[in-house]
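Morning, everyone. Let me put the model on the screen, and then I'll go through it quickly.

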Amino acid sequence: MEFERMVREAAVTSSSLLLESYGQHNIGIRLQREGGLHLQVNGPSGQRLGCMGMPGTTILCKGPTSDDVGYLNIGAEITVLGDATNGACNAMANGKVYIGGSIGSRGLTMTKWNPEYDKPQLWVLGSTGDSFAEFNCGGIAVVCGVNPKNPDNILGYRPCVGMVGGLIYFRGPIDDSYPRTNARLDQPNDQQWQWLVENMPVYLGKIGRADLFSTLTRRDEWRILATVTPQERALMFSGPMPMAEFRNQFWNKAFGGGDPLRDLAPGLDRSVIETIVTGDLRRRQPYWANSEAAAPCTFYCPIHIPTVERLRLIREGRIDEAYEMLLRYTPLPASVCGAVCPNLCMENCSRRGVDGPIEIQILGRAVGNFPAPTPAESLGKKVAVIGGGPAGMNVAWQLALAGVEAHIFEKDGRIGGKLAQVIPWERLSQAIWDVEIKRFLAMPNIKVHLNVDMDKEQFAGLERDYDYVVIAVGAHEPRRIPFPGHERVITALDFLKKAKSETPMAVGREVVVIGAGNVGCDVACEAYRLGAEKVTLIDIQKPLAFGKEKEAAEAHGAVFRWPVVTKEVTPIGVVTDSGELIPAQTTIISIGDVPALPFLPETIETMSVGGAAWITTDQAHVTSNARILAVGDVEKPGLATNALGAGKTAAEYIIADIKGEKWQPFTKPLIPHKALTITHYFPGDSGPTESDQADRCLSCASCRDCHLCETICPTGAISRREIEPGGSDRLLARQKTFEYVSDDNKCIACGFCADTCPCGIWTMNAF
Amino acid sequence: MVSTRSVSVAPGSLTPNDFPWIIEHREDRCTLCGNCTSVCPKEAIRLAYRRQRLPRLDILSTKRGSEYRTFTGIRQETAIANACIGCGMCAMVCPNEAIMPAPNTNEHRTLFFNNQKGEPQKRGGRRNVSGPNLLDRIVFNRISMLTDPALDAGRHEFNLTTTLGRILPPEDFLDRIQHGGWIPPTREIFPFVIGSMSFGALSPNMWLGLLQGVAYCNEVLGIPVVMCTGEGGCPPWVLRSPYLKYIVLQIASGYFGWDEIIRAIPEMQCDPAAIEIKYGQGAKPGDGGLLMWHKVSKLIARLRGVPESVDLPSPPVHQTLYSIEESVMKMVQTMSTAFGHKVPVYPKISASTSAKAVLNNLVRNPYAAGLLIDGIDGGTGAAYNISMDATGNPIASCVRECYLDLVAQGRQNEIPIFAAGGVGKNGNIAQNGMALIMLGASGVHVGKYIMQAAAGCLGNEKGRCNVCNLGICPKGITSQNPKLYRRLDPDLVADRVAEVFMAIRTEVKKIMAPLGRSQSLPVGMSDAIGIADRDAADLLKINYVC
């Protein structure tokens with residue numbers, strides 16, 4: 001403090017001071033004199049020589065100096081003839097520092113540049129220590145490399161870290177440890193070189209080494225480290241090498257110049273693809289599965305009548321074809337589809353999801369008067385059909401249409417089986433029935449033999465004389481229960497047969513029907529027709545009656561009671577196991593019928609269920625004898641439609657067998673309801689005509705050619721294509737007059753076609 | 001007439017509102033381009049047609065009836081198999097911001113129906129517990145002010161490597177040097193290791209993209225990152241490449257791909273970084289690896305030496321090893337010998353209350369190069385949800401107890417503990433890692449964070465995505481279907497790996513500089529951390545601060 005006070009006082013009176021120092025710090029701190037001030041420091045200098053030096057002040061240190069020479073200098077010119085230690089020019093903003101030797105570490109750090117003033121300068125004759133010019137902001141440094149402390153590296157380790165401004169001239173080798181994101185190595189340009197050459201004599205003069213001028217002005221020995229601007233830095237990759245370059249230059253070569261998986265998976269393509277893709281890169285693919293699944297009406301119909309196709313033909317105005325097609329499935333459309341069938345097609349109709357099912361009965365009845373299709377050319381074979389009920393009739397009908405002679409052997413005096421014998425005329429109008437029977441009997445290839453009571457001998461004859469024998473005798477043996485008084489009980493079969501004949505049985509005022517199924521309901525209705533006043537249907541379980549039969553019985557006033565177990569039947573009624581008497585003058589039992597098969601050879605396999613024998617058949621209705629088939633109730637009890645369906649299947653098997661073709665069962669899967677888009681249809685009133693029903697059809701599983709898929713497809717991949725009709729199957733040929741196709745190169749597998757298709761044709765398959 | 005057909009309702013019937021993610025679709029913005037349904041990995045959405053009834057309700061008119069209109073919208077499926085996973089790919093490809101999955105803020109009933117056909121839910125991801133974890137709450141609070149020289153993270157040079165391998169006590173070391181004894185191999189590696197994700201769990205583009213990034217970190221950036229193979233083997237060309245030195249080869253109870261490794265040993269250009277013997281995994285302790293059949297492609301089957309399209313469960317334990325002593329004797333020594341005692345060999349275990357017993361055994365075994373402990377928040381490609389969510393031990397206290405046990409024995413500088421399981425779970429990768437290091441870990445293994453940061457993995461701890469097990473990863477990270485994994489550009493993965501490790505490096509410096517550390521990692525420097533949780537502070541023996 002004393003030394004500083006002395007210097008400050010002396011500077012007031014003199015512009016040139018000679019200081020004999022002994023290592024004092026802060027010599028020349030903030031000293032200034034109008035007209036200039038010159039300090040010469042002769043003795044050892046301490047830290048921060050020329051600290052906060054002012055413009056106009058010059059300091060000459062004859063020897064070396066310690067740390068932080070020119071610290072926060074804002075204008076003084078400081079010359080040190082010897083070396084300077086660490087921190088030279090720390091935070092210097094203006095002025096010049098000339099070093100006649102080398103400097104220590106962290107020189108020229110934190111310099112500033114105020115644009116109102118010149119940039120600060122640091123001249124070093126030798127070399128710098130490590131961490132030179134960190135955070136350099138304005139400082140210009142010239143490092144001459146003369147007698148450097150480290151001849152291999154005159155700028156020390158890691159210079160210019162965080163440098164944001166200024167410029168470093170240097171002459172001599174460096175270790176390239178400067179950060180590339182802060183500094184750029186270059187040659188001085190003309191302007192920079194001119195500045196160096198112009199200022200070099202001043203520096204050399206200050207340190208008394210003018211002799212070095214020619215040595216230090218060989219341009220090719222000088223290089224610069226220039227500041228990288230933030231703008232330039234932003235353009236540089238944050239790492240030192242672009243990844244593509246690394247891949248090409250190093251990565252690929254490390255694996256012998258190819259994909260590292262080429263041995264494990266030859267030809268594996270791992271190249272990058274888009275997220276939305278077409279062609280083989282899709283994970284799903286649309287498929288136009290027209291008619292590959294079955295509509296519920298077709299699927300659940302035992303005859304598998306393609307109602308959807310029929311309605312399509314009607315929509316297209318091809319009424320005759322629609323009618324003919326139906327007759328190719330059943331000889332009794334009006335009687336069965338139109339009347340007695342519980343219509344499983346309607347039960348499962350998809351249209352129920354919109355309003356109500358297609359009214360199939362309208363369609364069935366419409367075909368009543370339509371002429372039979374023309375049979376095909378004769379195949380020269382004949383088949384015996386035992387039993388002329390619905391099963392046997394359809395066997396004969398199908399065979400006849402295909403050109404096979406069919407001989408029906410019927411036990412009764414008329415054909416039609418139970419349809420003719422027991423179904424009340426109330427449910428099956430005689431007018432309709434007679435027309436259809438007439439049409440049936442007119443079929444050229446059908447021969448009917450009535451009142452044939454088949455026995456084993458005759459059967460053997462049929463087996464010998466015919467190519468195939470089909471057993472379709474139904475179940476005409478009523479089941480009974482041996483409770484006391486069972487002899488007083490009339491069987492439903494006998495009752496109904498009589499009821500439909502000219503000589504119906506008399507019934508009492510009160511009637512009990514044991515067994516409350518649909519046949520029981522028919523019995524009840526007929527009993528009312530024949531004069532009964534009260535009919536009670538009893539059952540040991542919840543009655544199985546359903547649909548039209550049950551409704552009809554209930555309409556008459558029939559009472560259903562369950563669970564009721566019959567203990568005894570007396571002349572005054574039915575006594576239950578609880579002791580109750582249900583009054584009845586007539587008791588009828590309706591618990592089903594079983595087959596009567598006295599003619600059946602023992603070689604035909606049967607299965608005993610419920611005390612009766614039923615003929616065992618395979619899927620094609622073939623028995624254990626390959627030439628003998630069995631259809632209808634002799635296999636298992638079913639609906640009239642089941643019998644018709646079995647008959648058609650058996651006939652198809654025989655026809656295929658005759659032709660030497662492989663028989664194909666019906667295997668189409670049911671179209672899932674979810675596949676349809678029923679919301680395209682609006683609920684509405686159902687009209688009475690066929691064409692009203694045709695319009696309502698959802699066309700499940702069969703393309704209705706509505707173009708919605710083509711319209712919704714966002715990439716225009718779907719188009720409709722006309723194709724030439726072909727193939728021998730007329731139906732198939734008609735169906736395939738067009739198709740919709742999806743262009744793999746446009747399709748992105750969004751699934752909109754499948755989501756839109758009203759008929760469930762388009763499906764998305766994984767691939 | 002409107003259908004009154006009843007809709008059947010089963011116990012498992014669900015509505016969109018019952019699902020964890022609800023598709024929000026704006027019909028007014030939708031252009032019906034099909035991108036969303038095309039990209040959806042679960043076929044969870046479809047184009048739906050809806051019918052609206054417009055009854056005539058004019059009281060003065062005698063005409064009655066209804067009109068109808070049809071409109072379209074994108075709707076979600078309500079079958080469990082097609083449940084929306086919230087991945088948001090639909091939103092990513094939508095040109096009009098018309099669609100996105102929104103998290104269901106109500107309870108979602110699919111929780112009760114994830115067990116279809118008697119099989120409990122399996123998934124990928126990690127423990128579905130979101131929010132800050134313990135590591136996130138640790139602060140670095142010993143700042144060098146005027147007490148000691150502060151360091152500048154940007155300017156100073158740091159030595160950020162850690163030692164993988166056994167360090168001999170000085171007297172032993174000198175003794176062996178003098179007498180030509182065996183010096184256990186060590187590696188100086190970056191303390192953030194890419195944890196074991198197998199070639200199979202990851203797609204080829206992801207796995208090779210990671211390795212390319214690791215190679216770039218080492219060769220271009222000078223960050224000595226290593227990655228672990230997982231138990232799916234290693235492609236033969238990679239085994240014979242110079243990059244093997246950046247790879248930790250894992251052997252686990254499935255032993256997949258080890259025939260190729262053994263076959264390649266004579267032709268290796270360099271030694272692998274280390275051998276990791278997996279005994280357990282934090283995500284599913286007590287379970288072995290599981291690669292479900294969806295992902296066992298021809299390529300994976302070839303590399304692993306198994307049939308195509310079969311489930312590949314690894315046993316929970318190595319089949320013929322019954323004790324830790326036996327494990328160490330058999331496997332650590334065998335592996336060490338196979339590589340000429342030049343490669344560090346260490347076991348990986350699930351974090352457990354029994355971890356200290358394992359560690360103490362390893363301390364006594366001169367061949368053991370370290371111990372990797374994997375905590376409950378670790379991720380996996382496939383596991384039962386119950387294993388992931390409820391089984392395991394958090395990593396922090398487990399590592400801490402193990403480290404303090406070593407300290408008590410004066411052996412903390414001899415055998416490194418590596419920690420894993422939830423590091424970077426909430427994005428705080430460097431913070432989590434350095435907290436574990438200061439608790440005593442020598443380094444950390446990171447898997448899920450790398451998938452998220454390097455490849456854009458969409459999974460999170462709110463049940464988002466998490467379908468790694470099914471091989472339908474919409475980003476192509478964990479799929480073996482080229483139609484999916486070709487979406488992933490290995491160059492971009494490698495770029496992100498480089499960016500991630502550059503950033504971790506800087507953040508680690510930012511944490512170390514104020515501590516006044518630059519030349520060695522602050523392993524076990526627990527006086528430098530604190531937590532505003534008295535119980536945690538007591539258990540971890542660190543400062544309680546508030």
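Of the 546 residues in chain B, 52% are buried, meaning 20 or more other C-beta atoms within 10 Å of a residue's own, with exposed at 12 or fewer, partly exposed in between, and C-beta atoms placed from the backbone. This is a predicted model: local features need pLDDT of at least 70, side-chain atom pairs count only at pLDDT 80 or more, and totals for chains, interfaces and linings use all residues. Residues are numbered from 1 along each chain as its sequence is written, and chains are lettered from A and ligands numbered from 1 in written order.

Staying with chain B. The C-alpha trace spans about 110 × 60 × 40 Å along its principal axes.

Chain B has 16 helices and 21 strands. These are DSSP runs, numbered from the N terminus: helices are H or I, at least four residues, and strands are E, at least two.

Now chain A. Five strands make an open parallel sheet, ordered E17-E24-E18-E19-E20. Pairing takes at least two DSSP bridges between strands. E17 (490-491) and E20 (559-561) of chain A are the edges, each pairing on one side only. Two bridges link E17(A) to E24 (586-589) of chain A, running parallel. Thr491(A) sits opposite Ile589(A) in E24(A).
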